[in-house]
Amino acid sequence: MTAPPENRDLTIITTHMNADFDAMASMLAAQKLYPEALAVFPGSQEKNLRNFFIDSMVYLFNMADIGDIDFDRVRRLVLVDTRQPSRIGRFTELVGRPEVKIHVYDHHPLMENDVRGDVEHCRLTGATVTILSEILREKGIRLTPDEATIMCLGIYEDTGSFTFSSTTEEDFLAAAFFLSCGANLNIVSDLISREISPRQVGLLNDLIQAAVRHNINGVEVVVTTVTTDDYVPDFAFLVHKLVKMENIDAIFTIAAMGNKVYVVARSRIPEVDVGTILSALGGGGHTFAASASLKGIPLPQVENRLLTILYEQVRSRRLARDLMSAPAITIESTVSCRNANTTLTRYNVNALVVIDRADNAERLRGFITRQIIEKALYHGLDHLPVKEYMHTEIAWVGPEADLSEIQEKIIDSKQRILPVVDSDRVVGVITRTDLLNVLVRSRQESTGKKGGALQETSRPRTRNVKKFLGERLSKRLQELLQSMGEIAQELGCNAYVVGGFVRDLFLYRPNEDVDIVVEGDGIAFAREYAGRFNARIHAHAKFGTAVIIFPDGYKVDVASARMEYYRAPASLPEVEMSSIKLDLFRRDFTINTLAIQINPKPFGTLIDFFSALRDLKEKVIRVLHNLSFVEDPTRVFRAIRFEQRFGFSIGKLTSGLVENAVRMDFFRRLSGRRVFAELRLILEEENPLGAIRRMQDYGLLKVIHPGIELTEDRMESFSAVKKVLSWHDLLFVDDSYMKWAVYFLALVRPCDQRTTEEICERFELPPRHRVLFCKERFAAEECLFWLERNEPADNSTLYRKLTPFRTELILHMMASTRQERIIRDISRFYTKLQHVRPAVSGNDLKEMGLEPGPLYREILDRVLDEKLNGRLNTREEELAFARDYVTSV
């Protein structure tokens, strides 16, 4: 770092926090224009950038630390790659000072609160350094190859190697200029195509698993969230990877890292302007790429605010061409009613557009419905053409018709189906259901879904458990439930604590995850309660749910009583307002249907509609209705998981329904991801072997792959994994790993590479997991084979053999071998050897007069081998060995 000159006015060049390569490149370019200036980062930089910066190019910058800057001596502030005051840290103190001139170089769109400069060079290009490069060329300022490389790197990163839609002709010209100055594209390529760490792989998988697809005004937008204890570098790079892997048009990723929440957004469609959307959260960027960071706001609240903004900002696709189904299913007027019925059945539609064709042209004649066709068939008129009975007075619209015109035509004409006609051809149709879905969605977006509680006449089994609550609950939880009941009473609604919390009360298992169900408006209840108790809420209007977040971070889930129904087997549920009974009826198993009323007068009244207490006493897992597994086959996996976790058994009828679901193969309708999500939860259990045995009993392992069976070898492998994981966890090492992955490795261990790849393809596993299971696993097993068939390896050999493998594979090898010697060797490597490093370095070899080259690595490797094998114990001994080795070669 450079110390600021004493007694001299200062010019400072800075950029945005979490600076990327374009920011750094622009700072370097600006320094060429302001040679006397100091370059100062306002905060943290991406880890990838820091490493590159520190290791190789620090000499190019006249860099200073922000803590060494006397702000009263600053007379000129040069901002590059940003104009947002919220992104320049402490330098916002200089904005507005009359003695400080602001110079701005930026390629982002102008936002309302942007800093305005005395000198501005701002326009829409792929990278800010492109703007600066033009000025450098005009002034005839030449660059060194290292400088040109950094600047070229900025363009390549911000344009996605010239693939982003923001790329302009100027970016190509700027890159050509940098190449003419000697930019090294090999370095650029190495840094742009950087590998991601195992931790980042795990984070990417979490983002994929948490992704929720929202249909907002007819546009699909993906929102995904993740939480980590500290900052994970290259987060924007992970989002870019996710977009490419999942082929996403618009995505918003929300990450709680440490005490901040970061939002990174990407869009490939004009309907979603991510720059404008995130500006409402204090961030900004382009229409296609933007980010924001927020401090002191919980992730759920950020997500809720984002969703609200999305519904306000995302432009709607509500023209006929966007709403219609295409191609239109049509029949000619001469087709018989019998054949028309066949067409209706084949395409599972309720109405057909009738046309006539002549000379390669179409003429719209009318439409006919399933109801008319069925009546014609009933009366023996199946041989007559549809023109005899079709509706001939038919309205239609063009592709550019808006929603109001579509609504008017369908409602006023009382048509079940509305043709969309373009150039005398029927290009699509809009049904009454299509229109209804749009109108209902619009109402939900603007007002939230409303509904009153349904009245129920059937009476549940009840008993008062107020005393039991006093014995089992902490004072805080008792007061929490009582206060919630009082608020519900004031609002004129009933409130209940439900689900797993109540179940675990009677199982004497610890559980402080409180779920409240309100017969009425759950969001209004949550808002009222939060207002009185200094809490915050995160609401989800579509489902009538909210999370109350207390100042200490404790959370309570609140839901409006609701029911769910399934349009098709294995589909996701539709939701409607309901009563407490119907709310409980939608749940998976009887043991999860208990509720305790918390209104003041009936406080502590246990409600048991479905004999849940009996099933808890009898330790039985039962479904609530016979189509439960038809509607959602994933409940089968949950039944097995709960059975094994609680030591219960699956009821006879429920077991028969599981067998029926397997026999009817309802699981084929499930996506591989949903199946894998359930399998992963099973493998995360304390001892998943029991659940895997039950899957074998029911023939469910074939859902993973037809060739998977629970053999004696697999059972031994699972038991060995449990033993190894217990050993690892007792080490208390700071080395995170995927527990489920070690069990998964044991599950697929007997499978060959082709079968393993088929399993990974079925589960739609991300590429990094596929590499682990389909490539690295086989390398690890080959290494284990070598270790088992050779004499006991010395420490250096053990180190060379095992270092390439991640923790999951090390544990897999320990669990796979039956030789105690190998277990001891791998344990020794993991606990002691893997962290050994030479005390000598390349600098020491350089001082010996050696020229840098491949010999450095050879010498350091030999030093490490000797140290691992216990023959070198001090730095002096390592230096002496290195000198002797140099002499010998």
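Student: In this predicted model, at what angle do helix α31 and helix α32 pack?

Tutor: Helix α31 covers residues 767-788 and helix α32 covers residues 795-802, helices being DSSP runs (H or I, at least four residues) numbered from the N terminus. Their axes, lines fitted to C-alpha atoms over the stretch in contact, lie 10 Å apart. On a scale from 0 to 180 degrees between N-to-C directions, the packing angle is about 160°.

Student: How are α31 and α32 oriented to each other?

Tutor: Angles under 35 degrees count as roughly parallel, over 145 as roughly antiparallel, 65 to 115 as roughly perpendicular and the rest as oblique. The two helices, α31 and α32, are therefore roughly antiparallel.

Student: Which residues of α32 make the contact with α31?

Tutor: Contact means heavy atoms within 4.5 Å. From α31, the contributors are C783, W786 and L787. Those of α32 are T797, L798, K801 and L802.

Student: Which strands stand at the edges of the open sheet of six strands?

Tutor: The order is β6-β7-β8-β9-β11-β10, with mixed pairing; strands are DSSP runs (E, at least two residues), and two of them pair if DSSP finds at least two bridges between them. Each edge strand has a single partner, so one side of each is left without a neighbour in the sheet. These strands are β6 (212-216) and β10 (284-285).

Student: How many bridges join β9 to β11?

Tutor: Strand β9 (residues 260-267) and strand β11 (residues 289-295) run antiparallel. Within this pair, A265 stands opposite A290 in β11. The number of bridges is seven.

Technical notes: Residues are numbered from 1 along each chain as its sequence is written. This is a predicted model: local features need pLDDT of at least 70, side-chain atom pairs count only at pLDDT 80 or more; totals for chains, interfaces and linings use all residues. Side-chain values use heavy atoms; hydrogens and water are left out.
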